[in-house]
Amino acid sequence: AREEEERKEGLIEFYDSFKDMFEFFCKNTTIHGTIRLVCSDSNKMKTAFWTLLLLASFGMLYWQFALMFSQYWAYPVVLTMSIDSEPKMFPAITICNLDPYRFELVSEHLVQLDRMAEESIAFLYGINTTASLFHMNEKNIHMRDLSSTGNLSRSSFKLSQNFSLLRTPEINNKTGKRQSRVGFKLCNATGGNCFYKTYSSGMDAILEWYRFHYMNIMSQLPVIINISDHEEQIEDMVYSCQYDGEPCRPSDYVHFHHPVFGSCYTFNSKGTDSFWTATKPGIPYGLSLILRAEQKDHIPLLSTVAGVKVMIHNHNQTPFLEHEGFDIRPGIATTIGIQQDEVNRLGGNYGKCTTDGSDVNVKLLYNNSYTLQACLHSCFQHIMVRKCGCGYYYYPLPPGAEYCNYNKQPAWGHCFYQLYNRLRNHHLNCFDQCPKPCRESLYKVSAGTAKWPSAKSQDWVRQALRHQNGYNSTSNRKDIAKVTIFYKQLYYQSVNESPLLSDNLLLSSMGSQWSLWFGSSVLSVVEMLELLIDTLVLSLLFCYQKVWSRKTLEVAHTPSVPN
């Protein structure tokens with residue numbers, strides 16, 4: 001009875017041996033299968049079988065645990081799609097007339113460039129063109145307050161003759177046939193390391209060659225031009241503007257100038273006016289515009305497209321018309337249905353994204369809200385200024401920099417095209433430094449077209465526009481266009497990222513695996529921890545007992561010293 005009383009379970013078990021401790025654990029634990037190790041101790045084969053089975057179960061369990069943790073630490077995401085319906089703000093709409101200003105300061109250089117283009121086209125194809133005739137009646141824009149800027153005199157800039165268009169013979173690697181490409185030669189500052197910027201299409205080569213000289217000419221203009229000094233009226237481009245059946249107001253648009261796409265207007269740029277709230281879907285409740293699409297001021301070698309450039313984008317967002325948007329043909333009524341999608345990214349460990357761009361390593365050169373294109377352009381411009389010593393004309397400048405000009409930087413074209421090819425091939429680190437926005441709105445568009453005005457209605461339409469807007473033209477639908485932009489449906493799809501394995505799901509999966517292989521619970525894990533603690537304590541006790549007994553024997557064998 002005394003021995004049984006001593007063997008009652010205590011806070012920390014003191015067993016006579018590891019075998020007693022293991023038997024007690026196997027008989028009392030809630031882990032399935034362990035009792036078989038004790039009950040079958042007389043049968044060595046069964047004991048070995050259940051030992052291997054338990055060890056295999058442990059191995060499979062922790063193998064499954066390793067797979068789950070490796071997947072958890074990979075931070076995968078799952079996309080969930082929901083459809084919401086509510087009144088939405090109409091997106092920002094930017095339109096451009098494809099007629100860039102010909103500023104008086106650089107008008108003579110543009111005329112010289114047109115003559116060079118005529119000579120180059122005649123040299124390549126033997127065709128006499130009259131590109132300069134398109135600019136005979138073009139009005140030049142005079143900028144005020146430039147008399148104090150001495151470095152902007154017309155005689156300070158000269159068009160370079162070192163970038164002539166040439167034909168370069170090449171052999172097609174696929175067909176083995178000899179073919180010619182058209183391009184121009186670019187060299188570094190010492191005249192070495194030259195390469196040809198060539199195109200298989202002569203049209204693309206001429207356009208790129210013209211744009212290259214055009215950027216050098218336009219770099220003579222001041223960085224900040226006060227457009228309000230020579231701002232044209234919106235009626236010169238937009239003959240009629242209605243939204244939701246109501247006429248547009250002067251506060252509904254902002255005006256800016258693009259060096260390639262010309263005079264541009266952005267409607268609902270801020271997205272804060274309740275006037276632009278979309279309450280109903282359909283064509284009658286959208287934005288309807290009748291636009292001027294004349295080509296008399298068109299620069300044919302800067303852009304081969306005639307009509308109007310239109311882009312649908314988010315509010316407070318810089319419209320990158322060279323990468324997005326679509327063209328509206330003259331004499332055509334275009335209806336554009338839009339549907340909005342929202343994308344919400346997790347960020348953090350689950351992906352690289354930014355909420356407002358404040359945590360991005362690139363200093364943005366655009367004042368509007370963060371976009372991936374704005375970051376890429378800013379990143380490239382900073383690299384361009386650092387590597388080439390000047391900035392690309394189509395992007396804003398960092399403080400203290402100047403635009404590239406081959407009179408000052410003769411090799412900037414060689415530097416630019418190499419950098420741009422590296423950016424396009426993802427060899428620059430701009431794509432690594434510029435994450436996507438964590439929240440982004442995307443617009444899906446579908447368009448339909450029809451001739452407008454029709455042959456029977458064009459006379460009275462022309463008369464109505466003439467009396468209302470001073471429209472005067474005898475052409476047949478070649479100088480006006482109509483566009484209607486509307487919401488097809490007010491519902492929108494929201495795509496949200498969520499963790500594939502959250503903390504709760506990970507614990508639940510671990511519990512399921514534990515129950516599958518051992519049929520036990522969390523308390524069984526505590527029992528195993530208790531077994532480990534008892535093993536550790538018992539090992540320490542045995543070590544202490546062994547050391548103490550050794551010291552006792554040494555003292556017993558020590559001879560006594562006589563007095």
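I started with the transmembrane region: the unreviewed UniProt entry lists residues 52-75 under that name. UniProt positions follow the numbering used here, feature names are shortened, and annotations may be inferred rather than shown by experiment. I note that this is a predicted model, where local features need pLDDT of at least 70 and side-chain atom pairs count only at pLDDT 80 or more, while totals for chains, interfaces and linings use all residues. Residues are numbered from 1 along each chain as its sequence is written, and side-chain values use heavy atoms, with hydrogens and water left out.

I then checked the shape of residues 52-75: the span is 92% helix and 0% strand, and its end C-alpha atoms lie 35 Å apart. Helices (H or I, at least four residues) and strands (E, at least two) are DSSP runs, numbered from the N terminus.

Next I looked up strand S13, residues 308-313. Six of its six residues are buried; buried means under 20% relative accessible area, exposed over 50% and partly exposed in between, with a 1.4 Å probe and protein chains only. In a regular strand the side chains alternate between the two faces of the sheet. For S13, I found Val-308, Val-310 and Ile-312 on one side and Lys-309, Met-311 and His-313 on the other, all buried.

Which strands pair with S13? Two strands pair if DSSP finds at least two bridges between them. Strand S3 (residues 92-96) runs antiparallel to S13, joined by five bridges, and Ile-95 stands opposite Val-310. Strand S14 (residues 326-328) is also antiparallel to S13, with three bridges; there, Val-308 has Ile-328 as its bridge partner.

Then I turned to the cysteines. How many disulfides does a search of the whole structure find? I got eight, counting a pair of cysteine sulfur atoms within 2.5 Å as a disulfide.

One of them joins Cys-96 and Cys-264, with sulfur atoms 1.9 Å apart. Cys-96 lies in strand S3 and Cys-264 in strand S10 (residues 262-267), so this pair ties together parts 168 residues apart in sequence. The link is right-handed, with 115 degrees about the S-S bond. Cys-96 is buried at 0% relative accessible area, and Cys-264 is buried at 0% too.

Another disulfide joins Cys-379 to Cys-430, S to S 2.1 Å. Cys-379 sits in helix H7 (residues 372-388) and Cys-430 in helix H9 (residues 430-433), 51 residues apart. I noted a left-handed link, with -85 degrees about the S-S bond, and both cysteines are buried.
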